[in-house]
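The exercises below are meant to be worked with the sequence and the model side by side. Try each task before reading its solution.

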Amino acid sequence: MSDHDDVPVPDGFESLLRAAASRSGSPFGFGPFDEAPRPSRRRPRRRETVTYRLRVEIEGTEPPLWRGLELDSDLFLNEVHTILQAVFGWEDYHLHGFSSGGSYYSREAELYLCPFEAQEGKPGIPEEQVRLDEVLVQKGDRLAYTYDFGDDWEHLLTLQAVLPREEGAPRARCTAGKRAAPPEDCGGVPGYEFVSAATDPEHPQHAEALAEYRQAYDQDPDRTPVPFDIDAVNATLAALSEPLPDDLPDPIRDLLESVPGRMLKTRLLVLVTKALAPGEEEQDTAIVAKAVGPYSWLLEHVGDDGIKLTGAGYLPPAGVREAAEALGLTGRVLGMANREVQTLPVLNLRESAQKSGLLRKSKGRLLLTKAGRAARDDSRALWDHLAERMPPTPRAEVERLGCLLMFLLVAAESRDVFEDVADILTAMGWRLGGGDPVDSGAAHDAAYEAWVVLDVLGGWTGTSFGRGPAPTARGVAFARAALHR
């Protein structure tokens with residue numbers, strides 16, 4: 001033994017020893033730039049599934065932004081990730097990770113990795129291999145979840161109770177919560193608190209924050225926190241856990257199977273669940289008769305002998321004038337209301353009747369089809385015929401998608417139909433010519449064929465020229481009838 005064996009190793013020198021040892025086959029087991037193995041913090045899985053009652057809080061928020069959850073203990077962490085995204089209204093735009101024994105940035109924590117981080121070779125265990133009951137076992141145990149390594153939303157999951165699982169209980173349920181959910185890319189907790197103050201008139205610093213926001217960005221906030229709605233959250237969680245119904249219409253099934261990203265699929269699942277929910281499908285006869293009134297009038301007006309069209313294929317001026325009067329358009333449209341191209345509601349009525357198979361053109365005349373004759377004096381048959389032909393079959397793929405999305409949104413009673421169609425089309429990868437996201441005007445154009453039929457039936461609030469109306473109860477009823485068929 002050397003006289004120097006008891007000499008303490010200076011700070012920082014140990015790393016050099018490790019580096020030298022690694023080059024000579026040292027038992028240290030890692031090189032100078034490798035990370036030391038982290039201790040495993042996982043424990044044996046439970047033999048039986050129980051219910052975990054959790055409090056999930058976004059750290060650094062004041063007052064705390066939190067949600068109460070009840071989760072099955074046998075969920076894998078990739079499933080917990082999807083649940084947390086839904087609960088806090090995140091859109092899964094960014095990377096994420098779980099950690100036990102400290103934050104995701106702690107050198108002491110064991111990391112559970114999202115697919116990208118795992119593929120990149122980051123030390124840790126893929127999240128889909130780790131069950132919730134391996135990292136949370138008894139009351140007081142904690143698990144960290146970080147979303148968006150730029151904004152750094154650090155969520156702390158605390159196990160508050162371990163309960164017997166009730167038969168038939170949902171796999172995931174939100175039980176409580178406080179404060180609105182942060183919007184994406186708002187600058188983390190400081191940005192969230194700033195935007196919260198600037199958009200909440202009840203906030204004690206509202207006026208000051210709003211003035212500062214306007215000075216900094218020369219506009220009012222356009223990304224606002226989303227109010228906490230426990231029913232909407234649980235509808236999303238239910239849609240996540242329920243299998244697709246066997247009798248789902250093929251266009252809707254194809255849509256769900258083709259969309260990219262889990263959160264977009266979840267959003268559409270929620271729409272489908274609401275749109276196809278069991279309800280009063282058979283509408284009152286008087287309501288149906290009033291809704292299809294414009295089509296009934298047109299079929300009666302065409303009659304058994306048909307109508308001679310102009311050389312350009314339009315209704316003659318006298319017929320346009322009669323239609324305008326019958327539809328109550330006189331005084332509400334520009335001009336004499338005797339030209340179809342200048343009287344859009346009349347043009348839409350006639351063209352949609354043709355596209356729905358109620359009318360046809362032949363040798364310069366507008367004639368009833370067999371279906372048109374059968375439904376002319378039967379309001380219920382006319383309603384059913386129109387519903388069975390929806391959504392129409394437009395020429396372009398984006399129009400087919402736009403129409404289908406519009407019926408889903410209307411049936412789900414969305415109050416921002418065009419904005420939602422635009423948002424979903426953008427999330428599916430569609431863009432305007434210059435590469436910009438789809439806006440509400442372009443969404444209106446994509447869904448125009450569906451919008452027209454709803455408009456003729458009285459399915460929108462406001463005028464038929466509005467670009468941002470909400471659906472009426474009549475519109476919701478027809479959209480649901482169309483989807484169920």
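**Exercise 1.** How do the residues of the lining of the largest pocket divide into nonpolar, polar and charged?

*Solution.* This is a predicted model, in which local features need pLDDT of at least 70 and side-chain atom pairs count only at pLDDT 80 or more, while totals for chains, interfaces and linings use all residues. Residues are numbered from 1 along each chain as its sequence is written, and side-chain values use heavy atoms, with hydrogens and water left out.

Begin with the classes: Ala, Val, Leu, Ile, Met, Phe, Trp, Tyr, Cys and Pro count as nonpolar, Asp, Glu, Lys and Arg as charged, and the others, Gly among them, as polar. Sorted in this way, the lining holds 21 nonpolar, eight polar and 17 charged residues. Next, see which helix contributes: α9 gives the most to this lining, with eight residues.

**Exercise 2.** Find how α7 and α9 are placed relative to each other, and which residues of α7 meet α9.

*Solution.* Take the axes, which are lines fitted to C-alpha atoms over the stretch in contact, with angles from 0 to 180 degrees between N-to-C directions. The axes of α7 and α9 come within 8 Å and cross at roughly 100°. Because angles of 65 to 115 degrees count as roughly perpendicular, α7 is roughly perpendicular to α9. Then look for contacts (heavy atoms within 4.5 Å): A235, T236, A239 and L240 in α7 meet T266, L269, V270 and T273 in α9. By class, this contact of α7 with α9 has five nonpolar, three polar and no charged residues.

Notes
Helices (H or I, at least four residues) and strands (E, at least two) are DSSP runs, numbered from the N terminus. Angles under 35 degrees count as roughly parallel, over 145 as roughly antiparallel, 65 to 115 as roughly perpendicular and the rest as oblique.
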